[in-house]
Amino acid sequence: MLRVLAGHGPERYRRLRAALPARVRLAYAVKSNPGAPLLETFVREGAWFDCASAGEISAVLGAGGTGSAMVVAGPAKTHRDLQAALYAGARVQVDGIEDVARLNELHTEEAPLRVSVRVHPASGIVEGTSIIGGSGPSAFGVDEEQLDEFLQMAAAYDGVLITGLQVFAASNELDPGQLLANHRTALRIAQGMHERHGIDLELIDIGGGLGVRYAANEPSLDIHALGSGLGRLLDANPWFAGELLLEPGRWLSAPVGIYLTRVVRVKESRGVRFAMLEGGINHLLRPLLTGQSFPVTALDREGDTTSYTLAGPLCTSLDRVGTAELPVDLQAGDVLAFGQTGAYAYTQAMSHFLSHPVPDQHWWD
Ligand SMILES: Cc1ncc(COP(=O)(O)O)c(C=O)c1O
């Protein structure tokens, strides 16, 4: 049995929307799960979308979304990505002066194209898991220490106007205080753009990064504390008259998905107990990339538990999909359910490896 079960109800989106001040827009980060039923739900709810490629732009348009409710970001945007963004009428987040020069060429209308610049902070960012990169060297955006020079260079291009900022340097954060500390850093950078370069920012995109519980001992993110903190942040920066944009992926999509796979056999090797599964990193790559397991339970089997290493069917010792506490008498044929797999799970995997079967995907209302 190889299955991905995914819901697409609007409840989670509505809960988050209700916790945020009116001046905080909400965009869904399509990369976490571009499934059409999910995108259609968010379109109906009036969400914006954060897209990272021409493919994601076309998925959102296909689901009924519009370019006017879309931001397009990415550290290595191709010509096709930029053209698709312009064609849709989306707001592009530029990652360097090369993006500005190419947009200046592509944009043919008289009024300049209004874009945002992604900035990678020099300090004031903490990231628990190293997914986006904290304050270290980064593939993303313009380094903060080069921002003044970048803005001077960008001002020379008549066809492009910088009117927005994007800062996103930390992912899967469960502490609202830490998220807000990172957002204060974004506002500090924005204030510098306003004061030193006279830029009236219309949009400050503070990224995603809202965490979900992968382990039983982790807390749930308090979205009300986050929402009221964002309200206080807006009040503390009266010079800023625009909107904040929050673009979570994982928080909206992780809990809507469950991945099911069968145990093929159980083996003991030199003191380590392995559960060998039908599906491996060809379906769930994230545990290998981040060292973090999805929460796993055995269906229809209870009793005393012990620690298992979960290994897939691929001919490489890299094929590990995490560790889990599971019943001691786990057996061939038992089904394991991986929770929180609506985000960065099957859609992030390497499904062609070794020509193994791909899971069925089922969506429910
Ligand atoms: C630019 C950007 N926005 C939003 C997200 C979504 O992040 P998360 O799913 O952690 O909320 C990502 C994730 O990589 C991203 O790169």
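Picture a 1 Å grid laid over the protein atoms alone: a cavity is a set of points where a 1.4 Å probe fits but cannot get out, and its lining residues have an atom within 4 Å of a point. The volume is the space filled by probe spheres set on the points, which are joined across faces, edges and corners.

The model you see is predicted, with local features needing pLDDT of at least 70 and side-chain atom pairs pLDDT 80 or more, while totals for chains, interfaces and linings use all residues. Residues are numbered from 1 along each chain as its sequence is written, and side-chain values use heavy atoms, leaving out hydrogens and water.

Let's begin inside. Searching the whole structure turns up two cavities of 30 Å³ or more. The largest cavity holds about 70 Å³ of space, and its lining includes Ile125, Phe168, Asn182 and His183.

The second largest cavity has about 60 Å³. Among its lining residues are Val4, Asn33, Tyr344 and Trp363. Strands E1 (2-7) and E17 (360-364) each give at least two residues to this lining; strands are DSSP runs of E, at least two residues, numbered from the N terminus.

Now step back to the domains. An automatic or database assignment sets the bounds, giving domain 1 (8-248) and domain 2 (255-364). Their C-alpha centres are 33 Å apart. Between them, the two domains bury about 1400 Å², with 59% of it on carbon and sulfur atoms; buried area is the accessible area (1.4 Å probe) that two parts lose on being put together, summed over both. On the domain 1 side, His8, Ser32 and Tyr214 lose the most area to domain 2, together 45% of what that side buries.

Note on methods. On a 1 Å grid over the protein atoms alone, a cavity is a set of points where a 1.4 Å probe fits but cannot get out, and a pocket is an open set with protein on both sides within 12 Å along at least five of seven lines; lining residues have an atom within 4 Å of a point. Helices (H or I, at least four residues) and strands (E, at least two) are DSSP runs, numbered from the N terminus.
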